[in-house]
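Hello,

Here is the structure you will be working with. My notes on it follow below.

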Amino acid sequence: MSLDLSQAFPLNDNIVYLNHAACSPWPRRTAEAVQGFAQENLTQGTKNYPQWKLQEIQLREQLQRLLNAPTVDDIALLKNTSEALSVVAYGLTWQAGDNVIITDQEFPSNRIVWESLQNQGVIVHQAPIANTPDPEAALLALVNSRTRLISVSSVQYASGLRLDLAKIGAFCHANQILFCIDVIQSLGALQLDVQAIHADFVMADGHKWLLGPEGLAVFYCHPEQREQLQLKQFGWHMVEQLYDFDAKTWQVASSARRFECGSPNMLGIHALSASLSLLAEVGMANIQAQVLDNSRYLLDALAQCADIEILSPLEDNRYAGIVTFRHRKRDSTNLLGHLSQQGIVCAERGGGIRFSPHFYTPRAQLKWAVEQVAL
Ligand SMILES: Cc1ncc(COP(=O)(O)O)c(C=O)c1O
C-alpha cells in the first residue's frame, strides 16, 4: 500500500474515529473534489458539464467494478438505501398472502418498507438470528410456498453479525425466491460479488464504509428483474432518448437509468467518485483484510477487560467492521459520554457501544480506545 494514510485521512489529532458504521469522515481527495466542484460552480457555472457527465459515467463504472455487476447498465444512482428498498418493494407486484422474510435484527429501513406492504396482504416474517450458529438456517426455515423475497443486511448494523450471502443466494436461486441485500454495512469494507451470491437487488448509500457523502446510493438490479419492477417515479432522465427534449413520444430507458427520474446529484457524484478511487487504489482485498484484522484486534482486546461483555459474534466469517460491547458496571449512555469526551467518536447501538474503525484506523488508536473503555 503506497498511500500515506495519515495524509489521505488528516483527522484532527484529538479525534479517534470509530464510527464508520454511522457516517465516515471524508478522505482528503473527497474534500478536495467537493472544493474543486464548488470553485468551478463559483467561477464558471456549468460550463464544464460535459466533463461532469464523464465523471458520472466513471462513477457508474467504479460501482460496477466494486459490485462485480455484469454491466454498467445494471447500476442506478439513487438518493439512499431506503429509496432503493422502496423501489423494489413498490416495484414488485404482490398477491395477498405472499410473504417476505427478513431477520429480527434489521435496521428499520429493511423492515418498515416490507411491513408497509401489509395493506396489500403481504406478510413479513422475521427470523430470529441471535444466539444461533447458523443464522442462515433460521432464515431459510421460514420459507414456504408463498415466499417471494428474502431481504437481509449483509452485516447487521447493531450486532455486526455478517451473513453468508452466497448460501442464502444459492437457496433463493434454486427456489425462485428473490434475493435483496442491503449492503450499506459492508460495501467498502468487504469484497462483494453480486453475481456470485445470486443477488437480485443490492443497495447501499455512500456515507458509511464507502467514505463518501450522504444522499447518493448505488442500486444494483439484476438485468432479468429490471422489467419486473413497475416504475413509480417518472421524469425526463429515465427515458431512453435522454436529452431529446423535443421528442413527443418516449420509452423507458432499457438500462437501470430507468430508476433515476431527474437530474443527477452531481456534487455527490464528484465526492463519491473520489472516495471510490481511494478504495480502488488500496484494493478491496487489502481493505477487507485490514478491516477484519482491526475487528479481531478489538474483539481480543475487549475480551481481556474484566467488566466487558462482547455483543458481536466472535467467530471468523461472522463479523465484519462492527464490534459492539457493553460494560457490566457502567451504563452505555454514560460510557458513550466518557468516550466522547476523550475524542472517541462511536455510537450507542444494540444495547451497548459500537466501535466501527475502517481499514486506515491506526492500531495505536484502537489500543487507546480499549484502554478508555476499561478505565
Ligand atoms: C443496515 C442499514 N440500512 C440502511 C441504513 C440507512 O440508509 P439510508 O439512510 O441510506 O436509507 C442504515 C443506516 O444506519 C443501516 O445501518
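With 375 residues, a compact globule would have a radius of gyration near 21 Å, and the protein agrees, at 21 Å. That radius is taken over C-alpha atoms, and the globule rule is 2.2 Å times the number of residues to the power 0.38. The C-alpha trace spans about 70 × 60 × 30 Å along its principal axes.

The model is predicted: local features need pLDDT of at least 70 and side-chain atom pairs count only at pLDDT 80 or more, while totals for chains, interfaces and linings use all residues. Residues are numbered from 1 along each chain as its sequence is written, and side-chain values use heavy atoms, with hydrogens and water left out.

The secondary structure comes to twelve helices and 13 strands; these are DSSP runs numbered from the N terminus, with helices (H or I) of at least four residues and strands (E) of at least two. Of the 375 residues, 53% count as buried. Buried means under 20% relative accessible area, exposed over 50%, and partly exposed in between (1.4 Å probe, protein chains only).

Strand 8 (residues 217–221) is largely enclosed by the rest of the structure, because five of its five residues are buried. One side carries Ala 217, Phe 219 and Cys 221, and the other Val 218 and Tyr 220. Strands pair if DSSP finds at least two bridges between them. Strand 8 pairs in the antiparallel sense with strand 2 (residues 75–78) over four bridges, where Ile 75 has Tyr 220 as its bridge partner. Strand 7 (residues 201–205) also runs antiparallel to strand 8, joined by five bridges, and Ala 204 stands opposite Val 218.

There are 18 salt bridges in the structure, each a side-chain nitrogen of Lys or Arg within 4 Å of a carboxyl oxygen of Asp or Glu. One of them joins Glu 227 and Arg 258 (3.2 Å, N to O). Both residues lie in the loop between helix 8 and helix 9, so the pair ties together parts that are 31 residues apart in sequence. Glu 227 counts as exposed, at 60% relative accessibility, whereas Arg 258 counts as buried, at 6%.

Another salt bridge is formed by Arg 296 and Asp 300 (3.3 Å, N to O). These two sit in helix 10 (residues 284–303), four residues apart, about one turn of the helix. Arg 296 is partly exposed at 23%, and Asp 300 is partly exposed at 38%.

Regards
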